[in-house]
Amino acid sequence: MSHLYNKPSGSSGNFDHHLTRNVMKTAQTESITDLTRKGTSIEFFSAYQERDIERMMALFDPNGEFWLMPLGPDPQGTIGDLGRNFWTGVIGAFPDIDNTVDKVTADGDKIVCNIALFGTQTADFAGITNKGLRFNSDHIFIFRFNEDDKIVAVAIDWDHASFQHQLGN
Amino acid sequence: MFYRKYQPAPHLRPFVECYYIWENAQSLTQPMTVESPPSGYGSLVFNYGDSYGLHTQKRGTTLVPTSFLCGQSTSSYQLELLGQIGMVGAVFRPAGLNSLFGLPMYEFTDERVELAAVLGDRIKTVQERIAEPNTTSGRIQLLEAFLTTQLARSGAETDRTDYIANRIVEQRGMININELMDELYVCRRQFERKFLLKVGVSPKYYARIRRISYLCAQLANQRWNVNDWHDVIYRAGYYDQSHFIREFSGFMGRNPSLYVRNNVELANFLKS
């Protein structure tokens, strides 16, 4: 299984003071690609704020890997299947769910997004009993892109114990 | 080693914090590493010396474009220099690059992007003229003339986001963002979106950058001689020692005591 973290992070190793113009050009292309991918990532969080599942899903390859990192060491399913169900469940249980994008940075073929997610629980969710409480939790979303700048994997990490605790569980 | 800052003309001050020139009289025969904490400012930089490398924790070492635009840095970085140092830069107020050039600054966070790729071919003439033999003030004038033209072309004006970002700078990051939003009657979601677009990070994250930046500037001013860490921590507005160490290590890549002992910031190489 090819994981988000399998690829090296784009480091070029030791600095060679006489890098050729071609290498410069390649680095420049990578840089512009990063800008495009950051824009796509921002679009995801904008759609998430609007709770617009279809807009969110349009950014992904539905067969891409979906990985909730606190719940296991491997991706648990596909974006088109598990991802869609997960976000539909989140939006259903936390109808005022919202986010703040703290920063978006590139790391090789991945875009790493540091996000604050917050919302109020109105229904049981993933084994967490609804007590009508509000959470505010830092999350890291890692999107991996293919050469066509489509998101082909997503991994999400957060402090699950703190999340449960805030919701009274 | 020659490093000097210059004030911009009054009409550019709402957007430009300062200009700088960095040169060395004698060519470096051995590689030299100079590190910098995140400053909270983006910049345009033109290199007329030898090419040099940039080392970050995330990307390792990469070659820096000859002239580039960089957005907010979210961690410390190191420049790896050899040969002739020669660069002139414009340092922008937190929302200044967006106001002048209309760029979505979140795209440029932790990036150095070649200027021609961002601004098109019109920058090439400026690049060429800066690279020609010139005086320090001549290069600053070229840079300022370019920015003045850009100001006229864009009709840029500052707005509420510029004001808020500048206030975060003035208050050294020690500011309650929620209270600030209430005070200014701004809608949180719109305000955060605009701030991300204009500055490159969220308002709260920007306040964290400014706080660490101010603290590092204070440490450099006292040549990294720290008699009382509690006083440093208190003055920078951290809750307690563990909060401070976590923040410092997160931004700087090593703990504070290690940093004050072995950092290679530019101030180490300049006469005090």
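**Core, sheet and strand contacts in a predicted model**

Apart from neighbours within four places in sequence, L69(B) contacts L44(B), F108(B), V113(B), L115(B) and V118(B). The structure is a predicted model. L69(B) also belongs to the largest nonpolar core, which has 88 residues; together with V154(A) and Y206(B), L69(B) touches the most other members of this core. The greatest contribution to the core comes from helix α8 (residues 203-221) of chain B, which supplies nine residues. In soluble globular proteins, nonpolar side chains tend to be buried together.

Chain B contains an open sheet of six strands, ordered β1-β2-β9-β4-β7-β10 and paired in antiparallel fashion. Its edges are formed by β1 (2-6) and β10 (112-114) of chain B, each of which pairs on one side only. From one strand to the next, the twist averages 20°. Within the sheet, strands β2 (residues 16-23) and β9 (residues 86-92) of chain B run antiparallel and are joined by seven bridges. V16(B) has F92(B), in β9(B), as its bridge partner. Helix α4 (residues 136-154) of chain B packs on the sheet and touches β1, β2 and β9 of chain B. The direction of this helix makes about 145° with that of β2(B).

In chain A, strand β4 (residues 110-120) includes N114(A). N114(A) has 18 other C-beta atoms within 10 Å and is therefore partly exposed. Leaving aside neighbours within four places in sequence, the contacts of N114(A) are D102(A), K103(A), D138(A) and I140(A). N114(A) and I140(A) lie 26 residues apart along the chain, yet their C-alpha atoms are separated by 4.8 Å.

Key:
Residues are numbered from 1 along each chain as its sequence is written. Chains are lettered from A and ligands numbered from 1 in the order in which they are written. This is a predicted model: local features need pLDDT of at least 70, side-chain atom pairs count only at pLDDT 80 or more; totals for chains, interfaces and linings use all residues. A nonpolar core is a set of buried Ala, Val, Leu, Ile, Met, Phe, Trp, Tyr and Cys residues joined through C-beta atoms within 7 Å. A residue is buried if 20 or more other C-beta atoms lie within 10 Å of its own, exposed if 12 or fewer, and partly exposed in between; C-beta atoms are placed from the backbone. Helices (H or I, at least four residues) and strands (E, at least two) are DSSP runs, numbered from the N terminus. Two residues are in contact if their C-beta atoms, placed from the backbone, lie within 7 Å. Two strands pair if DSSP finds at least two bridges between them. Axes are lines fitted to C-alpha atoms, for helices over the stretch in contact, and angles run from 0 to 180 degrees between N-to-C directions.
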